[in-house]
Amino acid sequence: MPKLKTKTVFFCQECGYESTKWMGQCPACRQWNTFVEETVSPAKTGAGIHHGSREKVKPTRMNDISMTETARTKTGIGELDRVLGGGIVRGSMVLIGGDPGIGKSTLLLQACRNLAAAGKQVLYISGEESLQQIRMRAERIGDMSDSLLLLTETNLGTIKETIEEVKPDICVIDSIQTMYNEEITSAPGSVSQVREATGTLMMLAKGLDISIFIVGHVTKDGSVAGPRVLEHMVDTVLYFEGDRQASYRILRAVKNRFGSTNEIGVFEMRESGLTEVPNPSEYMLSGKPEGASGSVVACSVEGSRPVLIEIQALVCKTNFNLPKRTAAGTDYNRVNLLMAVLEKRCDLQLGYYDAYVNIAGGIRMNEPAVDLGIALAIASSYQDKAISDRTIVFGEVGLSGEVRAVSGADIRVQEAKKLGFDTAVVPQANMRSLKGITGITLVPVDSIRTAIREILK
Ligand code: TYD
Ligand code: MG
């Protein structure tokens with residue numbers, strides 16, 4: 001038998017781009033320093049385990065496809081169902097990415113518990129924790145269904161056999177970076193292993209009509225392939241984010257073949273697992289100081305739901321030649337741009353001041369509609385005048401200092417009204433869509449200058 005030749009290839013860890021030589025910058029995704037070296041045996045990767053059996057297939061007419069095939073299964077966690085687009089689609093593959101320790105395993109175990117309790121056959125495969133550890137986590141979360149099946153395994157061949165034998169309705173793979181195919185020489189977590197594992201699982205999901213959740217750790221560390229590589233292979237990509245120190249967590253859909261993206265689910269990590277936060281605005285605003293300058297409530301629309309957030313700015317005289325600026329929870333360059341607009345269009349001498357901008361609660365908001373909030377928070381701190389606690393603001397700010405229209409103005413105002421705000425500073429151009437709204441004072445503004453004049457009296 002001829003000896004199999006192995007070859008060395010380089011993969012981009014971000015996007016999976018393959019190259020025969022190392023490159024500093026990936027030509028596909030333009031990221032720097034993302035190439036890792038891996039040894040693959042061409043004959044074997046070409047004939048991975050999922051290529052083994054091939055059945056005869058024939059095309060189906062569009063009209064013959066019954067719609068019930070996309071029936072969704074509720075996980076019993078409302079926030080997760082929302083992000084998934086209404087529940088789990090049969091035969092779909094969902095990737096949940098996030099930093100280690102953010103709560104991916106906890107969330108999935110909770111979902112598995114509910115699904116098993118609802119009579120579904122659920123198989124939870126962990127390559128990271130022992131059965132005892134999973135049991136300990138389950139104890140914290142509370143009552144576990146007896147019918148939930150657990151397996152600790154990392155060998156892809158065994159996993160494939162088990163799934164084929166058990167034929168669960170829902171299967172969880174925690175995490176994809178620990179799974180390996182013994183026919184591939186590179187280490188678990190490498191790009192080729194991760195890709196092979198995902199490919200195999202995808203075949204199982206589609207072939208056996210099983211919904212599979214895979215967990216992927218996001219890391220730029222050299223040894224582990226980032227789940228970015230898999231994003232184009234799976235049906236749905238969810239990212240679990242949040243400050244590990246703070247207790248809330250946000251689940252965000254960045255790709256969804258069966259629902260809208262940018263939908264968010266908000267959770268709080270408690271002693272007994274993750275609890276849903278059905279009204280994130282109230283949660284984000286709890287602890288807002290009263291009557292303090294530099295604090296403004298803005299509104300950002302995430303997916304289909306408005307979220308009120310507190311923006312804080314602290315502007316103080318600089319001790320150095322170069323003023324210091326920081327932006328936590330929003331785009332740093334955007335903050336710099338807004339400060340330049342304030343300086344040029346509103347005569348605020350910000351060049352001599354340090355500025356620290358923070359979205360309270362640690363949540364990240366990059367929607368342009370928070371521009372006006374950031375600008376007013378800076379102006380409020382600069383002038384040391386507080387903005388009323390019962391006022392919300394939203395609007396995009398342009399380079400000439402104009403306040404531009406934003407989408408979903410009505411739902412933003414409705415949310416503010418619901419939470420007891422009495423005034424909303426809104427873009428003039430949005431006024432037409434806000435005609436029918438009563439019970440809250442609308443302050444239309446066309447420029448940041450007018451907004452400052454109206455609000456910082
Ligand atoms: P985990 O789900 O293991 O994270 P991941 O799978 O994303 O790596 O979550 C681990 C963290 O959550 C850990 O720091 C402990 C904390 N935690 C709680 O605070 N309460 C709980 O009930 C559980 C199960 C975990
Ligand atoms: Mg985990």
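In this tour, Ala, Val, Leu, Ile, Met, Phe, Trp, Tyr, Cys and Pro count as nonpolar, Asp, Glu, Lys and Arg as charged, and the others, Gly among them, as polar. Keep in mind that you are looking at a predicted model.

**Stop 1: the cavity.** Select Leu84, Gly87, Ile88, Val89, Ser92, Val94, Thr236, Asn256 and Phe258, which line the largest cavity. Colour them by class and you will find five nonpolar residues, four polar ones and no charged ones.

**Stop 2: the domains.** Now zoom out and colour the protein chain by domain: residues 7–42 make up domain 1, 73–278 domain 2 and 288–455 domain 3. Between the C-alpha centres of domain 1 and domain 2 there are 26 Å.

**Stop 3: ligand 1.** Next, select ligand 1 and show its surroundings, which comprise 15 residues. The closest are Gly101, Ser105, Thr106, Arg270 and Gly273. For Lys104, a polar backbone atom is 2.8 Å from a ligand oxygen atom, and for Ile102 a backbone N or O atom is 3.3 Å from one.

**Stop 4: the hairpin.** Finally, select residues 264–270 (strand 13) and 273–276 (strand 14), an antiparallel pair joined by four bridges. Two residues lie between these strands in the hairpin they form. To see how they face each other, pick Phe267 in the viewer and look across to Glu276 in strand 14, which stands opposite.

Key. Residues are numbered from 1 along each chain as its sequence is written. Chains are lettered from A and ligands numbered from 1 in the order in which they are written. This is a predicted model: local features need pLDDT of at least 70, side-chain atom pairs count only at pLDDT 80 or more; totals for chains, interfaces and linings use all residues. Side-chain values use heavy atoms; hydrogens and water are left out. Two strands pair if DSSP finds at least two bridges between them. Domain bounds come from an automatic or database domain assignment. On a 1 Å grid over the protein atoms alone, a cavity is a set of points where a 1.4 Å probe fits but cannot get out, and a pocket is an open set with protein on both sides within 12 Å along at least five of seven lines; lining residues have an atom within 4 Å of a point. A residue is near a molecule or strand if one of its heavy atoms lies within 4 Å of it. A polar contact is a pair of N or O atoms within 3.5 Å; within protein, one must be able to donate a hydrogen and the other to accept it, and residues adjacent in sequence count only if both atoms are side-chain atoms.
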